Amino acid sequence: MFIDLTKAFDCINHELLLKKFRKLQFSEKFLLLLESYLNDRLQCVDVDGIKSPMLKIKTGVFKGSKLAAVCFLIYINFIFSLPTSGKANLFADDDAIAYGATSLEELKSQMETDLKILKIFFDNHFLKINASKTKYILFFGKTSLGFFTEQNLNIDFDGEKIERVQV
């Protein structure tokens with residue numbers, strides 16, 4: 001299953017991110033550098049020459065930077081300690097969860113349960129799963145499931161169906 005997060009880099013809470021770096025016992029020097037990178041940034045919106053007031057940015061890291069990818073991975077690194085059935089694989093904000101099951105019913109149950117667990121985790125991190133862009137793909141080997149099936153799992157997440165994609 002491939003999990004898509006809505007505007008993941010924009011939603012990173014600075015205070016929570018710094019707490020995570022502290023918990024991982026990064027040096028005080030690095031923490032001060034990271035804090036200066038995150039703090040005291042301002043932004044405004046300009047629409048047809050009319051500017052909003054300057055406001056302090058309390059969330060988000062710049063997606064194009066190498067530091068942003070590291071920050072995001074640290075931010076959600078504790079995902080590996082969640083009691084999920086699937087094995088999480090992360091590359092920046094691209095999350096994939098791999099499963100092994102002996103029946104499609106078991107697989108469907110594992111995926112739906114994991115989505116509930118992940119939703120709580122992401123909610124606590126100010127992140128949101130984008131169900132319309134979250135997809136799953138099925139691979140079959142020589143098992144009781146056969147070599148291939150057209151059957152969809154009808155995975156439900158927050159009232160939306162997760163789409164199956166083909167190889």
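The legends below describe close-up views of one predicted model. Residues are numbered from 1 along each chain as its sequence is written, and side-chain values use heavy atoms, with hydrogens and water left out. Because this is a predicted model, local features need pLDDT of at least 70 and side-chain atom pairs count only at pLDDT 80 or more, whereas totals for chains, interfaces and linings use all residues.

**View 1. The largest nonpolar core and the surroundings of I3.** The largest nonpolar core has 42 residues, and those with the most contacts inside it are I3 and F122; such a core is a set of buried Ala, Val, Leu, Ile, Met, Phe, Trp, Tyr and Cys residues joined through side-chain atoms within 4.5 Å, where buried means under 20% relative accessible area, exposed over 50% and partly exposed in between (1.4 Å probe, protein chains only). Two or more residues of this core are given by each of helix 1 (14-23), helix 2 (28-38), helix 3 (66-76), helix 4 (104-124) and strand 9 (155-157), the helices (H or I, at least four residues) and strands (E, at least two) being DSSP runs numbered from the N terminus. Helix 4 provides the largest share of this core, 7 residues. With its neighbours within four places in sequence left aside, I3 is in contact with D93, D95, I97, L115, L118, F122, I129 and T134, contact meaning heavy atoms within 4.5 Å. In soluble globular proteins, nonpolar side chains tend to be buried together.

View 2. Strand 6 (residues 87-91) and strand 7 (residues 94-98) run antiparallel and are joined by 5 bridges; two strands pair if DSSP finds at least two bridges between them. I97 of strand 7 is the bridge partner of A88. The hairpin has 2 residues between the strands, and A92 takes a positive phi near 50°.

View 3. L31, L34, Y37 and L38 are the buried residues of helix 2. Seen down the helix axis, these buried residues fall within an arc of 120°, so they line one face of helix 2; the arc is that of the directions from the helix axis to the C-beta atoms. An α-helix has 3.6 residues a turn, so residues three or four places apart point the same way. The buried residues of helix 2 pack against helix 1 and helix 3, while the face turned away from the buried side carries the exposed residues E28, K29, L32, L33 and S36. Helix 2 is followed by D40, which has a positive phi near 60°.

View 4. The structure holds 7 salt bridges, each defined by a side-chain nitrogen of Lys or Arg within 4 Å of a carboxyl oxygen of Asp or Glu. In one of them, E35 pairs with R22, the closest N and O atoms being 3.9 Å apart. Because E35 lies in helix 2 and R22 in helix 1, the pair ties together parts that are 13 residues apart in sequence. E35 is partly exposed at a relative accessible area of 26%, and R22 is partly exposed at 38%. In another salt bridge, the side chains of D40 and K56 meet at 3.9 Å, N to O. D40 lies in the loop between helix 2 and strand 2 (42-43) and K56 in strand 5 (residues 55-56), so the pair ties together parts that are 16 residues apart in sequence. D40 is exposed at 65% relative accessibility, whereas K56 is partly exposed at 48%.

**View 5. K135 and its partner E163.** E163 forms a salt bridge with K135, with the closest N and O atoms 2.7 Å apart. This pair links distant parts of the chain, since E163 is in strand 10 (residues 160-164) and K135 in strand 8 (residues 135-136), 28 residues apart. E163 is partly exposed, at 42% relative accessibility. Leaving aside its neighbours within four places in sequence, K135 is in contact with M1, F2, I162, E163 and V165. K135 and R164 are 29 residues apart in sequence and 5.7 Å apart in space, C-alpha to C-alpha.
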